[in-house]
Amino acid sequence: MEDAPAMPNVFEVTSETTGVELIDGPHGGFPTDLLIQFTFVRKHRWIGIGGQIKEKQPTSHDFRAIALRLDYPAINLLQDGESCRTLIRQSVMNSIDGLGETMGMPLSHWDKAIPEGLESLIVELAHDKPVDRAYRCEVNFTLNIEFSYCEGAALLQGCILSARECYVCLEALAPSSNVMYLPECTHCYHVDCISKCFKKSATCPACRQDYYHLIPEEYKRLGQNMRANDGV
Ligand SMILES: [Zn+2]
Ligand SMILES: [Zn+2]
């Protein structure tokens, strides 16, 4: 998954652990189960240009349970905080992705969907457990996703995405690049590109607007004097 949002959706994601349990199974009995249970609360807010705001309070608290059967030796996964967290995050994503507004939610937000430190609590319970046993690991948490549809943010993104290309090199004018808008015709260029053009001509390469008058008068006089003195 890419970390760039396809839509300018604004997300507020919070989650909180409500309980972690590791229950011993029978000796030699496999497999081990990881049970991920979470209460999922969704909230919507619509913010239009002009200040209209519509909020939709959560209508239901959606309870979800994901049962995963881990491969032997499953305890290794529970003892490895990062892998365990990644597995939980992936499972939660698979469970609730595609609900429309979560489409395009960046990975950094999905990570917030899993409570901070949840994996450490699991590691704490699992770190000294022998491998030849079955376990049932239950994690419980709450997950809140507040989704804002924001016309102003969409407009800003639209402007950024439709930023034109440089008329000289025809490459996109990324917001981060050094861009210059000529003051009268507003045609835009990379500073480096227009700087090269201005060595050949004082006109805008796109519309031929003449910018020679923007050279300061005293500078022009200096040039005239130098040419006269050198007899050029
Ligand atoms: Zn350019
Ligand atoms: Zn121009």
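Author: In this predicted model, the secondary structure of the chain comprises seven helices and seven strands. Read from the N terminus, the elements follow the order β-β-β-β-α-α-α-α-β-α-β-β-α-α. Of the 232 residues in the chain, 17% are buried, and among contacts between residues at least 6 apart in sequence, 71% join residues at least 24 apart.

The part you ask about is the largest nonpolar core, which has 26 residues, and those with the most contacts inside it are Leu-78, Ile-122 and Val-139. At least two residues of this core come from each of β2 (32-47), α1 (74-79), α2 (81-96), α4 (118-126) and β5 (133-150), and the largest share, seven residues, is supplied by β5. Ile-122 shows how such parts of the chain meet, for, when residues up to four places away in sequence are not counted, Ile-122 touches Val-20, Leu-78, Cys-84, Cys-137 and Val-139. Apart from this core lies another, of five residues, which include Cys-166, Tyr-189, Cys-193 and Ile-194.

The packing of α4 against α2 can be described next. The two helices, α2 and α4, pack at an angle of about 125°, and their axes are 9 Å apart; α2 and α4 are therefore oblique to each other. The crossing in which α2 passes α4 is right-handed. On the α2 side the contact is made by Gly-81, Glu-82, Cys-84 and Arg-85, and on the α4 side by Leu-118, Glu-119, Ser-120, Ile-122 and Val-123.

In strand β2 one finds Leu-34, which is buried because 23 other C-beta atoms lie within 10 Å, the cut-off for a buried residue being 20 or more. Leaving aside neighbours within four places in sequence, Leu-34 is in contact with Leu-68, Leu-70 and Cys-137. The C-alpha atoms of Leu-34 and Arg-69 are separated by 6.4 Å, although these residues are 35 residues apart along the chain. In strand β5 one finds Arg-133, which has 17 other C-beta atoms within 10 Å and is therefore partly exposed. Arg-133 is 60 residues apart from Pro-73 in sequence, while their C-alpha atoms are 8.7 Å apart in space.

Thr-186, in the loop between β6 (179-181) and β7 (188-190), has a positive phi of about 60° although it is not a glycine, and Thr-186 counts as exposed because it has 11 C-beta neighbours inside 10 Å. Arg-208, which belongs to the loop between α6 (191-198) and α7 (217-230), likewise has a positive phi, near 70°, in a residue other than glycine. With 9 other C-beta atoms within 10 Å, Arg-208 is exposed.

Methods:
Residues numbered from 1 in each chain as written. Chains lettered and ligands numbered in written order. Predicted model: local features only at pLDDT ≥ 70, side-chain atom pairs only at ≥ 80, totals over all residues. Helix = DSSP H or I, 4+ residues; strand = E, 2+ residues; numbered from the N terminus. Buried ≥ 20, exposed ≤ 12 C-beta atoms within 10 Å, placed from the backbone. Contact = placed C-beta atoms within 7 Å. Core = buried A, V, L, I, M, F, W, Y, C linked by C-beta atoms within 7 Å. Axes fitted to C-alpha atoms, helices over the stretch in contact; angles between N-to-C directions. Parallel < 35°, antiparallel > 145°, perpendicular 65-115°, else oblique. Left-handed = near helix turned anticlockwise from the far one by under 90°.
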